[in-house]
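Q: Can we go through this one piece by piece? I'd like to begin with the packing.

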Amino acid sequence: MDNNHVSLDRMRTFVRVAQRGSLSATARELGIGQSTVTRHINELEQAVGVPLLGRTTRRVTLTEEGNRYYTNCLQILRLVEQASEEVRDARRVPLGAVRLSCTAALGVLHVTRIIFAFQDKYPDIRIDLNLTDERIDLAREGVDIALRLGPIIDGGMKLVTVGASIRKLVGSPDYFSNHGRPTRPSELTHHNGVVMSNVAGSDQLFISGPDGTRFIAPMNGTLRVDHGLAARAAVAAGRGIAPAHLWLVQDLLDAGKLETVLDDYDLEAVPASLLVVPERAGITRVRLLADFLVEEIRKLPGITSHQSSTGSS
């Protein structure tokens, strides 16, 4: 191995290429030429003596050796960054980057605004926001914090409980005018539902009555969507009824563009949590953002400060 070609810059370039799957996207992100990115990768591969990336016309992927090397590089870079962070902490100057992953609809409607307020307070902290409804591997994707709705299965992460997100059955005034309003869970069978195709079990609702009786109501519909904002638009356009998080639709309810039904019945609330990579939790900027997010998200419509029954996002 030629250690002269194994540098932190080359490692950083390799890690970002592995995460982005693209040489050109990495070049744009790092503000360098694509030829420089290619040279860094070639020199790194020459230094370690094995191919690290497989290249096609559309995407760059990790080889088996590259996958192992990526994991080690990530750990090395995090240790280097943490050492620098500890020095900065001595000067009490919070700066650097934090990578945040968040469910898309919540991110667009609320988290971006929260980030703006956070950066007004800490202008030297850079936020890399990833909006996705996929349950990504935080460590592998280089993400520091993930805001999740629903049950948590990432046992290796530090879990910060935000609370629970309350949902209501909603529809537009035009829909109810044309199709009537259900007064019992069993009547939902005769209504058109807007169904989330990327949420397990979204074709049925678990509903609790005023006396505690539990009902299972099927959600039948001619429209299935895989994005919360699409569901919001569909319900507002009168395409059907949907169980919606209050943070997703409260403004439309306030404006009279949506109405709730079956108000005497409760839908299962959905846990809201932050996941923080344990090795990153002690870094000042990561901790500051995590604390800020928890405080601000608890102010959103329908977010309670305690966990309730478990549901799906």
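**Cores and a sheet**

Q: Which residues have the most contacts inside the largest nonpolar core?
A: Val-111, Phe-118, Ile-145, Trp-247, Leu-274, Leu-293 and Ile-297, in a core of 49 residues. A nonpolar core is a set of buried Ala, Val, Leu, Ile, Met, Phe, Trp, Tyr and Cys residues joined through side-chain atoms within 4.5 Å; buried means under 20% relative accessible area with a 1.4 Å probe, protein chains only.

Q: Which helix gives the largest share of this core?
A: H10, with eight residues. Helices are DSSP runs of H or I with at least four residues, strands are E runs with at least two, and both are numbered from the N terminus.

Q: What are the ground rules here?
A: This is a predicted model: local features need pLDDT of at least 70, side-chain atom pairs count only at pLDDT 80 or more, and totals for chains, interfaces and linings use all residues. Residues are numbered from 1 along each chain as its sequence is written, and side-chain values use heavy atoms, with hydrogens and water left out.

Q: Where is the kink in H5 centred?
A: On His-110, with a kink of about 50°; the bend is the angle between axes fitted to the seven residues ending there and the seven starting there. His-110 is also one of the buried residues of H5.

Q: New topic: what is the strand order in the open sheet of three strands?
A: E12-E7-E13, with antiparallel pairing; two strands pair if DSSP finds at least two bridges between them.

Q: Why is one side of E12 and of E13 left without a neighbour in the sheet?
A: Because both stand at the edges, each with a single partner strand.

Definitions and conventions
Buried means under 20% relative accessible area, exposed over 50%, partly exposed in between (1.4 Å probe, protein chains only).
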